[in-house]
Amino acid sequence: MTPVEILFPLIFLVLAGFVCGKTGFIATNQLEGLRRFIFYLAIPVFLFLNMYQADLSKVASAKLLLAFYLPVATCYFLVLFAKWMTHKNALNEAAMWGLSGTYSNTVLVGLPVIIAALGTDAGAMVFMIITFHSALLFALSFLFSSTVKQSLIGTFKPLFINPIVLSISLGLLLNALEFSIPKLMLSGLDWLAKPAIAGALFVLGVSLVQYSLQQAWQSALILSLVKLLLLPAMVWGFASWLALPTMQISVLTLMAASPLGVNAYLVARQQQCAQATLASSVVMSTLLSPLTMSLWLYWLVL
(Lines give C-alpha, C1' and ligand atoms only; values in the text may rest on other atoms or scores of the structure.)
Protein backbone atom coordinates (compact mmCIF):
# COMPACT_ATOMS: atom_id res chain seq x y z
CA MET A 1 0.00 0.00 0.00
CA THR A 2 1.13 3.54 -0.73
CA PRO A 3 1.16 6.23 1.99
CA VAL A 4 -1.84 7.86 0.31
CA GLU A 5 -3.83 4.61 0.51
CA ILE A 6 -2.84 4.19 4.17
CA LEU A 7 -3.55 7.75 5.27
CA PHE A 8 -6.61 8.64 3.17
CA PRO A 9 -9.23 6.82 5.33
CA LEU A 10 -7.83 8.51 8.43
CA ILE A 11 -7.76 11.97 6.85
CA PHE A 12 -11.26 11.41 5.44
CA LEU A 13 -12.69 10.66 8.90
CA VAL A 14 -10.96 13.67 10.47
CA LEU A 15 -12.18 15.94 7.66
CA ALA A 16 -15.71 14.54 7.95
CA GLY A 17 -15.69 15.37 11.65
CA PHE A 18 -14.29 18.84 11.00
CA VAL A 19 -16.98 19.60 8.41
CA CYS A 20 -19.72 18.37 10.74
CA GLY A 21 -18.39 20.59 13.52
CA LYS A 22 -17.79 23.62 11.32
CA THR A 23 -21.27 23.51 9.80
CA GLY A 24 -22.95 22.97 13.16
CA PHE A 25 -24.25 19.53 12.21
CA ILE A 26 -22.60 18.31 15.43
CA ALA A 27 -23.37 20.84 18.18
CA THR A 28 -21.07 21.45 21.15
CA ASN A 29 -23.41 19.72 23.61
CA GLN A 30 -23.64 16.71 21.27
CA LEU A 31 -19.85 16.56 20.92
CA GLU A 32 -19.36 16.24 24.67
CA GLY A 33 -21.57 13.16 24.87
CA LEU A 34 -19.91 11.61 21.81
CA ARG A 35 -16.46 12.39 23.17
CA ARG A 36 -17.24 10.79 26.52
CA PHE A 37 -18.49 7.61 24.83
CA ILE A 38 -15.41 7.32 22.62
CA PHE A 39 -12.69 8.29 25.10
CA TYR A 40 -14.12 6.86 28.30
CA LEU A 41 -15.78 3.71 26.99
CA ALA A 42 -15.03 2.58 23.42
CA ILE A 43 -11.28 3.29 23.38
CA PRO A 44 -10.58 1.92 26.89
CA VAL A 45 -12.49 -1.28 26.01
CA PHE A 46 -10.60 -1.49 22.70
CA LEU A 47 -7.24 -1.12 24.45
CA PHE A 48 -8.22 -3.53 27.23
CA LEU A 49 -9.22 -6.27 24.77
CA ASN A 50 -6.07 -5.93 22.69
CA MET A 51 -3.83 -6.00 25.74
CA TYR A 52 -5.80 -8.91 27.24
CA GLN A 53 -5.51 -10.96 24.02
CA ALA A 54 -1.90 -10.03 23.17
CA ASP A 55 0.85 -12.64 23.14
CA LEU A 56 3.07 -11.04 25.77
CA SER A 57 5.92 -13.44 25.09
CA LYS A 58 6.39 -11.81 21.68
CA VAL A 59 6.03 -8.15 22.61
CA ALA A 60 7.42 -7.76 26.12
CA SER A 61 11.00 -6.58 25.68
CA ALA A 62 13.06 -4.26 27.85
CA LYS A 63 15.23 -3.43 24.84
CA LEU A 64 12.18 -2.42 22.83
CA LEU A 65 10.91 -0.13 25.59
CA LEU A 66 14.36 1.40 26.02
CA ALA A 67 14.62 2.12 22.30
CA PHE A 68 11.47 4.22 22.49
CA TYR A 69 11.49 5.83 25.93
CA LEU A 70 15.13 6.88 26.17
CA PRO A 71 14.90 9.12 23.06
CA VAL A 72 11.47 10.37 24.21
CA ALA A 73 12.78 11.32 27.66
CA THR A 74 15.92 12.87 26.12
CA CYS A 75 13.84 14.97 23.72
CA TYR A 76 11.53 16.03 26.57
CA PHE A 77 14.42 17.38 28.64
CA LEU A 78 16.10 18.99 25.62
CA VAL A 79 12.95 20.97 24.82
CA LEU A 80 12.32 21.77 28.49
CA PHE A 81 15.89 22.98 28.99
CA ALA A 82 15.91 25.04 25.77
CA LYS A 83 12.68 26.81 26.79
CA TRP A 84 13.81 27.27 30.38
CA MET A 85 17.09 28.88 29.25
CA THR A 86 15.13 31.60 27.46
CA HIS A 87 12.60 32.09 30.30
CA LYS A 88 14.24 31.00 33.55
CA ASN A 89 11.27 32.06 35.65
CA ALA A 90 8.86 29.84 33.75
CA LEU A 91 9.75 26.22 34.51
CA ASN A 92 6.07 25.29 34.39
CA GLU A 93 5.77 26.62 30.84
CA ALA A 94 8.98 24.81 29.87
CA ALA A 95 7.43 21.57 31.16
CA MET A 96 4.43 22.09 28.88
CA TRP A 97 6.77 22.68 25.95
CA GLY A 98 8.55 19.41 26.73
CA LEU A 99 5.19 17.62 26.75
CA SER A 100 4.18 19.26 23.46
CA GLY A 101 7.35 18.07 21.76
CA THR A 102 7.04 14.43 22.85
CA TYR A 103 3.47 13.33 23.63
CA SER A 104 2.14 11.28 20.71
CA ASN A 105 -1.45 10.81 19.57
CA THR A 106 -0.73 7.11 19.21
CA VAL A 107 -4.24 5.74 19.71
CA LEU A 108 -6.05 8.05 17.29
CA VAL A 109 -3.43 8.47 14.56
CA GLY A 110 -0.36 6.30 15.09
CA LEU A 111 -2.17 3.01 15.69
CA PRO A 112 -4.39 3.11 12.55
CA VAL A 113 -1.38 4.04 10.40
CA ILE A 114 0.76 1.28 11.89
CA ILE A 115 -1.94 -1.37 11.46
CA ALA A 116 -2.64 -0.26 7.88
CA ALA A 117 1.05 -0.20 6.95
CA LEU A 118 2.46 -3.11 8.96
CA GLY A 119 -0.53 -5.34 9.76
CA THR A 120 -2.45 -6.26 12.87
CA ASP A 121 0.50 -8.10 14.42
CA ALA A 122 2.15 -4.73 15.01
CA GLY A 123 -0.82 -3.66 17.15
CA ALA A 124 0.15 -5.75 20.17
CA MET A 125 3.59 -4.16 20.13
CA VAL A 126 2.03 -0.70 20.15
CA PHE A 127 -0.24 -1.51 23.10
CA MET A 128 2.65 -2.82 25.14
CA ILE A 129 4.78 0.27 24.51
CA ILE A 130 2.09 2.89 25.19
CA THR A 131 1.33 1.35 28.58
CA PHE A 132 3.92 3.72 30.06
CA HIS A 133 3.56 6.57 27.56
CA SER A 134 1.08 8.75 29.43
CA ALA A 135 2.48 7.67 32.79
CA LEU A 136 6.02 8.89 32.01
CA LEU A 137 5.25 12.14 30.20
CA PHE A 138 2.33 13.23 32.38
CA ALA A 139 4.31 12.48 35.54
CA LEU A 140 7.25 14.60 34.35
CA SER A 141 4.94 17.42 33.29
CA PHE A 142 2.96 17.41 36.53
CA LEU A 143 6.21 17.35 38.51
CA PHE A 144 7.85 20.33 36.77
CA SER A 145 4.70 22.42 36.30
CA SER A 146 3.09 22.00 39.72
CA THR A 147 3.09 24.79 42.30
CA VAL A 148 3.82 24.43 46.00
CA LYS A 149 0.09 24.87 46.68
CA GLN A 150 -0.69 21.53 45.10
CA SER A 151 -0.45 18.34 47.14
CA LEU A 152 1.37 15.31 45.80
CA ILE A 153 -1.89 13.36 45.56
CA GLY A 154 -3.64 16.23 43.79
CA THR A 155 -0.76 16.57 41.34
CA PHE A 156 -0.67 12.95 40.23
CA LYS A 157 -4.35 12.04 40.62
CA PRO A 158 -5.16 12.65 36.90
CA LEU A 159 -2.39 10.21 35.99
CA PHE A 160 -3.78 7.34 38.05
CA ILE A 161 -7.37 7.80 36.83
CA ASN A 162 -6.40 8.14 33.17
CA PRO A 163 -8.70 5.69 31.29
CA ILE A 164 -5.94 4.69 28.85
CA VAL A 165 -3.50 3.86 31.64
CA LEU A 166 -6.18 1.96 33.57
CA SER A 167 -7.52 -0.05 30.63
CA ILE A 168 -4.11 -1.15 29.36
CA SER A 169 -2.89 -1.97 32.86
CA LEU A 170 -6.01 -4.04 33.63
CA GLY A 171 -5.74 -5.91 30.33
CA LEU A 172 -2.06 -6.60 30.97
CA LEU A 173 -2.78 -7.83 34.51
CA LEU A 174 -5.57 -10.22 33.47
CA ASN A 175 -3.42 -11.48 30.58
CA ALA A 176 -0.49 -12.17 32.90
CA LEU A 177 -2.79 -13.93 35.40
CA GLU A 178 -4.34 -15.96 32.54
CA PHE A 179 -7.77 -14.92 33.78
CA SER A 180 -10.52 -16.37 31.59
CA ILE A 181 -13.29 -14.00 30.48
CA PRO A 182 -16.48 -15.76 29.25
CA LYS A 183 -16.88 -15.78 25.47
CA LEU A 184 -20.25 -14.03 25.63
CA MET A 185 -18.71 -11.17 27.60
CA LEU A 186 -15.78 -10.95 25.17
CA SER A 187 -18.24 -10.81 22.27
CA GLY A 188 -20.14 -7.95 23.89
CA LEU A 189 -16.95 -6.05 24.67
CA ASP A 190 -15.75 -6.56 21.11
CA TRP A 191 -18.89 -4.91 19.72
CA LEU A 192 -18.49 -2.05 22.18
CA ALA A 193 -14.92 -1.53 20.98
CA LYS A 194 -15.68 -1.57 17.22
CA PRO A 195 -16.37 2.18 16.85
CA ALA A 196 -13.25 3.16 18.84
CA ILE A 197 -10.80 4.06 16.06
CA ALA A 198 -13.25 5.50 13.52
CA GLY A 199 -15.12 7.36 16.25
CA ALA A 200 -11.92 8.77 17.74
CA LEU A 201 -10.77 10.14 14.38
CA PHE A 202 -14.20 11.67 13.76
CA VAL A 203 -14.28 13.29 17.22
CA LEU A 204 -10.75 14.60 16.65
CA GLY A 205 -11.96 16.34 13.49
CA VAL A 206 -14.93 17.90 15.28
CA SER A 207 -12.70 19.00 18.17
CA LEU A 208 -10.31 20.87 15.85
CA VAL A 209 -13.07 23.45 15.29
CA GLN A 210 -12.68 24.54 18.92
CA TYR A 211 -8.96 25.29 18.67
CA SER A 212 -7.15 28.18 17.02
CA LEU A 213 -3.71 28.78 15.51
CA GLN A 214 -3.81 32.56 15.85
CA GLN A 215 -2.47 33.04 19.38
CA ALA A 216 0.73 30.98 19.30
CA TRP A 217 1.30 29.72 15.77
CA GLN A 218 5.07 30.39 15.80
CA SER A 219 5.66 28.38 18.97
CA ALA A 220 3.28 25.71 17.66
CA LEU A 221 5.23 25.42 14.40
CA ILE A 222 8.54 24.95 16.24
CA LEU A 223 7.09 22.34 18.57
CA SER A 224 5.32 20.56 15.71
CA LEU A 225 8.59 20.22 13.80
CA VAL A 226 10.23 18.82 16.94
CA LYS A 227 7.35 16.38 17.42
CA LEU A 228 6.97 15.25 13.80
CA LEU A 229 10.59 15.24 12.62
CA LEU A 230 13.17 15.50 15.42
CA LEU A 231 11.65 13.01 17.87
CA PRO A 232 11.02 10.22 15.31
CA ALA A 233 14.51 10.78 13.91
CA MET A 234 15.96 10.31 17.40
CA VAL A 235 13.89 7.16 17.96
CA TRP A 236 14.81 5.74 14.54
CA GLY A 237 18.51 6.46 15.08
CA PHE A 238 18.65 4.89 18.55
CA ALA A 239 16.55 1.85 17.57
CA SER A 240 18.78 1.30 14.53
CA TRP A 241 21.89 1.62 16.71
CA LEU A 242 20.45 -1.08 18.99
CA ALA A 243 20.00 -3.26 15.86
CA LEU A 244 16.32 -3.96 16.48
CA PRO A 245 14.37 -5.86 13.81
CA THR A 246 13.05 -3.74 10.94
CA MET A 247 9.43 -4.21 12.03
CA GLN A 248 10.14 -2.92 15.52
CA ILE A 249 12.10 0.07 14.23
CA SER A 250 9.20 1.00 11.94
CA VAL A 251 6.62 0.70 14.73
CA LEU A 252 8.65 2.81 17.16
CA THR A 253 9.38 5.50 14.59
CA LEU A 254 5.77 5.80 13.42
CA MET A 255 4.61 6.02 17.03
CA ALA A 256 7.03 8.88 17.64
CA ALA A 257 5.99 10.54 14.36
CA SER A 258 2.33 10.79 15.41
CA PRO A 259 1.03 14.32 16.04
CA LEU A 260 0.56 15.82 19.48
CA GLY A 261 -2.29 14.21 21.42
CA VAL A 262 -5.24 16.28 22.65
CA ASN A 263 -4.62 15.07 26.21
CA ALA A 264 -1.49 17.24 26.31
CA TYR A 265 -3.71 20.31 25.96
CA LEU A 266 -5.94 19.01 28.76
CA VAL A 267 -2.87 18.78 31.01
CA ALA A 268 -1.93 22.37 30.14
CA ARG A 269 -5.48 23.51 30.88
CA GLN A 270 -5.46 21.72 34.22
CA GLN A 271 -2.09 23.24 35.16
CA GLN A 272 -3.25 26.65 33.79
CA CYS A 273 -0.08 27.10 31.80
CA ALA A 274 0.79 27.52 28.07
CA GLN A 275 -2.76 26.63 27.06
CA ALA A 276 -2.67 28.61 23.80
CA THR A 277 0.64 27.04 22.80
CA LEU A 278 -0.55 23.49 23.45
CA ALA A 279 -3.90 24.01 21.72
CA SER A 280 -2.19 25.51 18.68
CA SER A 281 0.37 22.69 18.65
CA VAL A 282 -2.40 20.07 18.61
CA VAL A 283 -3.92 21.70 15.53
CA MET A 284 -0.61 22.46 13.76
CA SER A 285 0.91 19.01 14.27
CA THR A 286 -2.33 17.29 13.23
CA LEU A 287 -2.54 19.35 10.03
CA LEU A 288 1.12 18.69 9.18
CA SER A 289 1.11 15.00 10.12
CA PRO A 290 -0.26 13.63 6.81
CA LEU A 291 2.75 15.14 5.02
CA THR A 292 5.38 14.14 7.59
CA MET A 293 3.96 10.64 8.17
CA SER A 294 3.92 10.10 4.40
CA LEU A 295 7.64 10.92 4.38
CA TRP A 296 8.30 8.50 7.23
CA LEU A 297 6.25 5.78 5.53
CA TYR A 298 8.25 6.19 2.33
CA TRP A 299 11.46 5.96 4.37
CA LEU A 300 10.43 2.99 6.52
CA VAL A 301 8.01 0.85 4.57
CA LEU A 302 8.47 1.38 0.84
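Which residue forms a salt bridge with Glu 32? Arg 35 does, with the closest N and O atoms 3.1 Å apart. By salt bridge I mean a side-chain nitrogen of Lys or Arg within 4 Å of a carboxyl oxygen of Asp or Glu.

Ground rules, quickly. This is a predicted model: local features need pLDDT of at least 70, side-chain atom pairs count only at pLDDT 80 or more, and totals for chains, interfaces and linings use all residues. Residues are numbered from 1 along each chain as its sequence is written, and side-chain values use heavy atoms, with hydrogens and water left out.

Back to the charges. The structure holds three salt bridges. Glu 32 and Arg 35 both sit in helix α2, three residues apart, about one turn of the helix. Helices here are DSSP runs of H or I, at least four residues, numbered from the N terminus. Glu 32 is partly exposed, at 37% relative accessibility. The classes: buried is under 20% relative accessible area, exposed is over 50%, partly exposed is in between, with a 1.4 Å probe and protein chains only.

Next pair. Glu 93 bridges to Lys 83, closest N and O atoms 3.6 Å apart. Glu 93 lies in helix α5 and Lys 83 in helix α4, so this pair ties together parts ten residues apart in sequence. Lys 83 is buried, at 10% relative accessibility. Glu 93 is partly exposed, at 25%.

Asp 190 is partly exposed, at 37%.

Stay with α2 for a moment. It covers residues 28-53 and includes Gln 30. The Gln 30 side chain reaches the backbone nitrogen of Ala 27 at 2.8 Å.

Now helix α13, residues 217-241. Its 25 residues should span 36 Å, and the end C-alpha atoms are 35 Å apart, which agrees. The expected span is 1.5 Å times one less than the number of residues. Still, α13 bends by about 35° at Lys 227. That bend is the angle between axes fitted to the seven residues ending there and the seven starting there. Lys 227 is also one of the buried residues of α13. What covers those buried residues? The cover includes α4, α5, α14 and α16. Just after α13, Ala 243 takes a positive phi of about 60°.

Last, helix α7, residues 121-130. Nine of its ten residues are buried. Among them are Met 125, Phe 127 and Met 128.

Conventions
Helices (H or I, at least four residues) and strands (E, at least two) are DSSP runs, numbered from the N terminus. A polar contact is a pair of N or O atoms within 3.5 Å; within protein, one must be able to donate a hydrogen and the other to accept it, and residues adjacent in sequence count only if both atoms are side-chain atoms. Contact means heavy atoms within 4.5 Å.
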